[in-house]
Amino acid sequence: DTNAENATLDLTPEFDTEGFLAKNGKIILYAFLGILALIGIYIAYGYMQGNSNQEAQEAMFPAVYHLEKEDAKKENLKTAIKGDGNNVKQGLEKIASNYGGKAGNLANFYLGVAYMKDAKYKEAITTLQKFTTQDLLVQARALSLIGDAYMELANYPDAVRYYLKATDYKSNKQFTPIYLMKLALAQEKANKLSEALESYDRILDKYPQSTETMNAKKHRAKVEAMLGK
């Protein structure tokens, strides 16, 4: 949807790059800051059209409501994913499975987010890999989420691969530096120090006004020392 692609959204992620690696097991807490602000983009811009999609949208609202609850309790996630046969007649799993086209595609994005919040990283990867859109922001965010899932699984080469995809998808000054920072940190973990140095340089050269600049400088100096430069 061209309107969705061109929409200007107030989405300010609060990704803590300094604590990204230090706080093992808590990466996802940062990865989701700003994610839920994206949920509903397609609905808001007419992403769902037609009777089947309208039906899917109505089924999806209760599930997404539980997904977006601030406490994000396990029970809420279970209800969002599986449904409860009552207020949430169909969980995101069934919606993604039962509806094709745009509705099923959107359900895969929601379901991937739900799996990530529920620490089901392998399921999140499989589900988010099914999601595709031409949207400027959401596709890169989905790719970055897959990278986050691989980081949680300590699969650093694949994390690098998906962060690279996120950084290369319709680059923009607001979000690309964040993905580059994630990429560089994953490259460090994968012991690809020269490549990490290049990623930090991309931030400093192409996005000098980014909020990631200070962290990039600090980590770059550390990588230089490790390389003996």
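In this structure, which is a predicted model, the side chains of Lys82 and Glu93 meet in a salt bridge with an N to O distance of 2.8 Å, a salt bridge being a side-chain nitrogen of Lys or Arg within 4 Å of a carboxyl oxygen of Asp or Glu. This pair links distant parts of the chain, since Lys82 lies in helix α6 (residues 74-82) and Glu93 in helix α7 (residues 92-98), eleven residues apart. The structure holds eight salt bridges.

Because the model is predicted, local features need pLDDT of at least 70 and side-chain atom pairs count only at pLDDT 80 or more, whereas totals for chains, interfaces and linings use all residues. Residues are numbered from 1 along each chain as its sequence is written, and side-chain values use heavy atoms, with hydrogens and water left out.

- Asp118 forms a salt bridge with Lys120, their closest N and O atoms being 3.4 Å apart; Asp118 is buried, with a relative accessible area of 7%, while Lys120 counts as partly exposed at 31%.
- Glu224 and Arg220 meet through their side chains in a salt bridge of 2.8 Å, N to O, and both lie in helix α14 (residues 213-227), four residues apart, about one turn of the helix.

**Packing of helices α11 and α12**

- Helices here are DSSP runs (H or I, at least four residues), numbered from the N terminus, and helix α11 (residues 156-168) packs with helix α12 (residues 176-189) at an angle of about 160 degrees, their axes 9 Å apart.
- The axes are lines fitted to C-alpha atoms over the stretch in contact, and angles run from 0 to 180 degrees between N-to-C directions; α11 and α12 are therefore roughly antiparallel to each other, a term for angles over 145 degrees.
- Contact, meaning heavy atoms within 4.5 Å, brings together residues of α11, including Tyr156, Tyr163 and Leu164, and residues of α12, including Tyr179, Leu183 and Lys189.
- The residues of this contact divide into ten nonpolar, three polar and two charged, with Ala, Val, Leu, Ile, Met, Phe, Trp, Tyr, Cys and Pro counted as nonpolar, Asp, Glu, Lys and Arg as charged, and the others, Gly among them, as polar.

How values were computed: Helices (H or I, at least four residues) and strands (E, at least two) are DSSP runs, numbered from the N terminus. Buried means under 20% relative accessible area, exposed over 50%, partly exposed in between (1.4 Å probe, protein chains only). Angles under 35 degrees count as roughly parallel, over 145 as roughly antiparallel, 65 to 115 as roughly perpendicular and the rest as oblique.
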